[in-house]
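Morning, everyone. Please bring up the model on your screens, and we will walk through its charged pairs and a few other residues.

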Amino acid sequence: MNQKAEKYNKHQSMLYVNHACDIGGNNVVGKLLGLEPSRVSELKGGRRKLTFEEASILQQEFGLPETSKGYYVEAELFTSEEMKDTKKFDTHSKELHLLRIVQAWNNEENRTFILESLSVHSPLVPGYQDPIFVDENKRKGIEHKNARLMRDFKLEAINALINSPYFSAWCDAIESILCEVPTQDISSKHQYFQSLLSTTKIDIEIGNSRVLKEQRGTIYDILKHVNQGFDISIYSYQAEKLVRHLHLLNKVKTLVESGRYSHLVNAPKAWKRENQIELIENASPQREYVIVGKVVWQSNDHLQVNEKWIEKGILGEMGVDPISSEEGIYRQRQFKSASMALLFSENYEYYLEVNLKPGENYVLTMRTLIVRISNMKHLFTTLEMLFAFFKISGDVITSGIKAEIADNGGYIPSAIYLK
């Protein structure tokens, strides 16, 4: 349909024209729209409807009518039809999880943590000088040079590691073991994760029982193999974090190289630990929106999720267990409560804003969605479907919600309006 033929309804037309006339007067509005004064009067009285093109001209000159408010939100946009199954929602969940992990990859602190976990005998490093045998005046410069040489040597060791098929196989074995054995049930987690790094036969004590696992090689063997036999060891007091970080290196590399997420990230030409992964601009599922309208209902308290709800992540079940990493990048996020607001736009459309939170009475919002109600006539059945989708407990839709919508100037499809 031609845009010139599309028109606002009577109420919206009167809002735009009366707002413009109050500021500029009938004559100015008539000149802008190329209309006679009598035609402007027809618009003001609701006897003629404003086209989209005419409304755009008035909006650029005089702004929006005073009754219109811009409601800003940074969110993912869905239609209520898309929320009838979890396909798009789960896709966004995995994309957002990947972006969180890429941010961790690009974090200098995580690089430093891995490098500090490597132990290298200094004589192995080409160009390394023992500062003890150096003149005191030159010692500071030598120490600075040694630190740079050691870092470069460790980076090359890590680069060789993550590009090795043996390392990839080790990560697959680790993922299989961690998915099978819940780490929260293990009595000595540090010893367990250290054994994942250093031994082929793993003896796990879970409660009163023991579980035996076996892996083909250790990370020590792989480091030695890919670095031409150099004796390089790896250890950390945060053994769990180290195991998961190493697994993370391989997972990110595999996912980015697969091209599955090429709309979000660009694969580096060469995988070097000091290089960052480039994020594609404006590719994130999160966007900025301004809804021209008003809030006609919002939940006063946080709505409780009535069952355990964990969103999809790219690490599978391995990411469910609690971890020692403060960032929480591995864990698939679990939502326990939500706050909601229903907005009624100037185009007579309903949008439901949903803020998902990690627990009750949390200020922090972990994920925000805007859901456009596809059919206003089915407003309340659609809301019921959305509440069920987000696993909100209790009977949320009541006559009280309808009363609040009416009080705030919203439209209730099931109601008879008396004027």
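Start with one term: a residue is called buried when its relative accessible area is under 20%. Keep in mind that this is a predicted model.

Now use that cut-off. Glutamate 240 has a relative accessible area of 7%, so glutamate 240 is buried. Its partner is arginine 244. At 1% relative accessibility, arginine 244 is buried as well. The two form a salt bridge, with the closest N and O atoms 3.2 Å apart. Both sit in helix H11, residues 239-258. They are four residues apart there, which means about one helical turn between them.

How many salt bridges does a search of the whole structure find? The count is 10. In general, side chains of opposite charge can pair when their charged atoms come close.

Next pair. Glutamate 311 and arginine 333 form a salt bridge, and their closest N and O atoms are 2.7 Å apart. Both lie in the loop between strands S9 and S10, so the bridge ties together parts that are 22 residues apart in sequence. Glutamate 311 is buried, at 2%. Arginine 333 is buried too, at 13%. This pair belongs to a network: salt bridges with shared partners join Glu76, Glu311, Arg333 and Arg367.

Third pair. Arginine 151 meets glutamate 108 in a salt bridge at 3.4 Å, N to O. Arginine 151 is in helix H7 and glutamate 108 is in helix H6, so this bridge links parts 43 residues apart in sequence. Buried or exposed? Arginine 151 counts as partly exposed, at 31% relative accessibility. Glutamate 108 also counts as partly exposed, at 38%.

Now a charged residue without a bridge. Glutamate 353 is in strand S11. This glutamate 353 is buried, yet has no salt bridge. Which side chain of opposite charge is nearest to glutamate 353? That is lysine 357, and it is 8.4 Å away. What glutamate 353 does have is a polar contact with the side chain of asparagine 355, at 3.2 Å. Glutamate 353 also touches several other residues, including Tyr71, Ser339 and Thr368.

Last stop, back on helix H6. Serine 117 is in that helix, which covers residues 108-117. Serine 117 is buried, with a relative accessible area of 3%. The side chain of serine 117 reaches the backbone oxygen of phenylalanine 113 at 2.8 Å. Further along the sequence, serine 117 touches residues including Ser233, Tyr235 and Leu242.

That's my tour. Questions, please.

How values were computed
Residues are numbered from 1 along each chain as its sequence is written. This is a predicted model: local features need pLDDT of at least 70, side-chain atom pairs count only at pLDDT 80 or more; totals for chains, interfaces and linings use all residues. Side-chain values use heavy atoms; hydrogens and water are left out. Helices (H or I, at least four residues) and strands (E, at least two) are DSSP runs, numbered from the N terminus. Buried means under 20% relative accessible area, exposed over 50%, partly exposed in between (1.4 Å probe, protein chains only). A polar contact is a pair of N or O atoms within 3.5 Å; within protein, one must be able to donate a hydrogen and the other to accept it, and residues adjacent in sequence count only if both atoms are side-chain atoms. Contact means heavy atoms within 4.5 Å. Lys and Arg count as positive and Asp and Glu as negative; His and the chain ends are not counted. A salt bridge is a side-chain nitrogen of Lys or Arg within 4 Å of a carboxyl oxygen of Asp or Glu. Lists of a residue's contacts leave out its neighbours within four places in sequence.
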